[in-house]
Each structure stands twice: as structure tokens, then as C-alpha cells.
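Subject: A structure for you to explore

Hi there,

Here is the structure I promised to pass on. Have a look around it first, and then read my notes below.

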Amino acid sequence: GKCSFAVLESDESDKSLLNYSSDYALVLNIGTDQYSKDELARVFREFLKKVRKGAVVELGAFELIGEAGLENLDIRLFSLEKGPGKAFGRSVLRLDSYRTESGRALASFGGLREIALPGPGLHNAANAMAVFSLLLQLGYEPDNALEAVKGFSGVWRRFEFAGRCASGAPVYDDYAHNVEKMLS
């Protein structure tokens, strides 16, 4: 295609993410589906050491990973939790608001206008914040970055409407098998 970027989702379940190095990375969370948090923190730290330019990391994940060996990497932090605008000497992008209205999930962050998310759930708000942060890191202006995030239609099999039962009850396909994601 004609794009300047390629996006790859790497997997921590078999530690294959350690086979990659990239210019930029997103670390959205550290869950305990396969390994302990200590082991995953070690794996993600090793992964981030291979990143050449910058990373966007969820604050709780960064607290586990730590800064050791990452001092020269441009790291941006984000969090769904209320709190100070700084942590570890870095600014933290915080969620300003999240709500649902008329079947739509709406969120705002960074003091910017509210946008519609591709689906419900705080994990979708977190993903939007992470992508927004990465676009800023790449040099996009905030309004342009927000427009790009707003235009995202979502990923396949994430709370995707599949139809209705004979009784009329809606059926959704949601591959978010991770309990932590299902509860958010």
C-alpha cells in the first residue's frame, strides 16, 4: 500500500514479542493469563529495550516494568485512573470522562473534546488514549491525532453484534477472553 507505517500485534503468551524490534511500541496492560506479573514485567522490559525511538505504556504496566535499561527511550504514559498529571518525572495522559449514551460509548482525555469510541468498555477508551499518545509522539498535531482516533471503527470480534436469538435477545461476539478485559 501507500502507508508510511506498518502495525503489528505481537504476543506475550509465547514470548514471541521478544523476536521483534520496532521504532515504536504500545504496552496497553500486563495481565496474568499465562505468566506471573514479575515474569511478564521482565518480558516487556526486554521487549522495550529493543524499541528504537519511543513507547506508550499504561501507567500500571510501567510501574511493574520499571525504568531500568529504558532511560534513553522516549516513553509516554497514560492511565484510566484519576491522579496527578505526572509520574516518574513524565506527564501522564489521564481519562477525563467516559460515559455511554444512546448506545454509544463516549470519552474525553487530555482536556480535548469528547469522541465516540468504536465500542463500549474502558479498555476501548484506554486503547484510544494509547493511540492518541503515539500519534502525538510521531509528531501529529493534537486535533489531527484526535480526528484519526475518532475515525477508528474498531477491531474484529470485539463486542461485535452477531444477530438476535429467536426470543429477540441480542448476541455479541467478543473475543476478549481475558477476564480483566471482560470486566472493564
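Let me start with a term you will need throughout: a residue is buried when its relative accessible area is under 20%, exposed when it is over 50%, and partly exposed in between, using a 1.4 Å probe and the protein chains only. This is a predicted model, in which local features need a pLDDT of at least 70 and side-chain atom pairs count only at pLDDT 80 or more, while totals for chains, interfaces and linings use all residues. Residues are numbered from 1 along each chain as its sequence is written, and side-chain values use heavy atoms, with hydrogens and water left out.

**The overall layout**

The protein chain has five helices and nine strands. Helices (H or I, at least four residues) and strands (E, at least two) are DSSP runs, numbered from the N terminus. Of the chain's 184 residues, 34% are buried.

**The inside**

A nonpolar core is a set of buried Ala, Val, Leu, Ile, Met, Phe, Trp, Tyr and Cys residues joined through side-chain atoms within 4.5 Å. The largest one here has 23 residues, and L48, V57 and I65 have the most contacts inside it. At least two of its residues come from each of β1 (24-27), α1 (37-49), β2 (54-58), α2 (59-65) and β3 (74-79). Helix α1 gives the largest share, five residues.

What does L48 touch, leaving aside its neighbours within four places in sequence? Its contacts (heavy atoms within 4.5 Å) are A25, V27, A55, V57, I65, L70 and L73. Apart from this core lies another, of 20 residues, including V56, F78, F109 and L146.

Now turn to helix α4 (residues 142-150), where A145, L146 and V149 are buried. These three are on the same side of α4, because they cover an arc of only 100 degrees around the axis; the arc is that of the directions from the helix axis to the C-beta atoms. Among the parts covering the buried residues of α4 are β6 (104-109), β7 (115-116) and α3.

Is S133 buried or exposed? S133 has a relative accessible area of 6%, so it counts as buried. You will find S133 in helix α3 (residues 122-137), and, its neighbours within four places in sequence aside, S133 is in contact with V56, R76 and L93.

**Salt bridges**

In a salt bridge, a side-chain nitrogen of Lys or Arg is within 4 Å of a carboxyl oxygen of Asp or Glu. The structure holds eleven of them. One joins the side chains of K15 and E39, at 2.5 Å from N to O. This pair links distant parts of the chain, with K15 in the segment before β1 and E39 in helix α1, 24 residues apart. K15 is partly exposed at 23% relative accessibility, and E39 is partly exposed at 22%.

Another salt bridge is between D23 and R52, whose closest N and O atoms are 2.9 Å apart. Because D23 lies in the segment before β1 and R52 in the loop between α1 and β2, the pair ties together parts that are 29 residues apart in sequence. D23 is partly exposed, at 31%, whereas R52 is exposed, at 51%.

Finally, look for R113, D143, E147 and K150, which are linked in a network of salt bridges.

Enjoy exploring!
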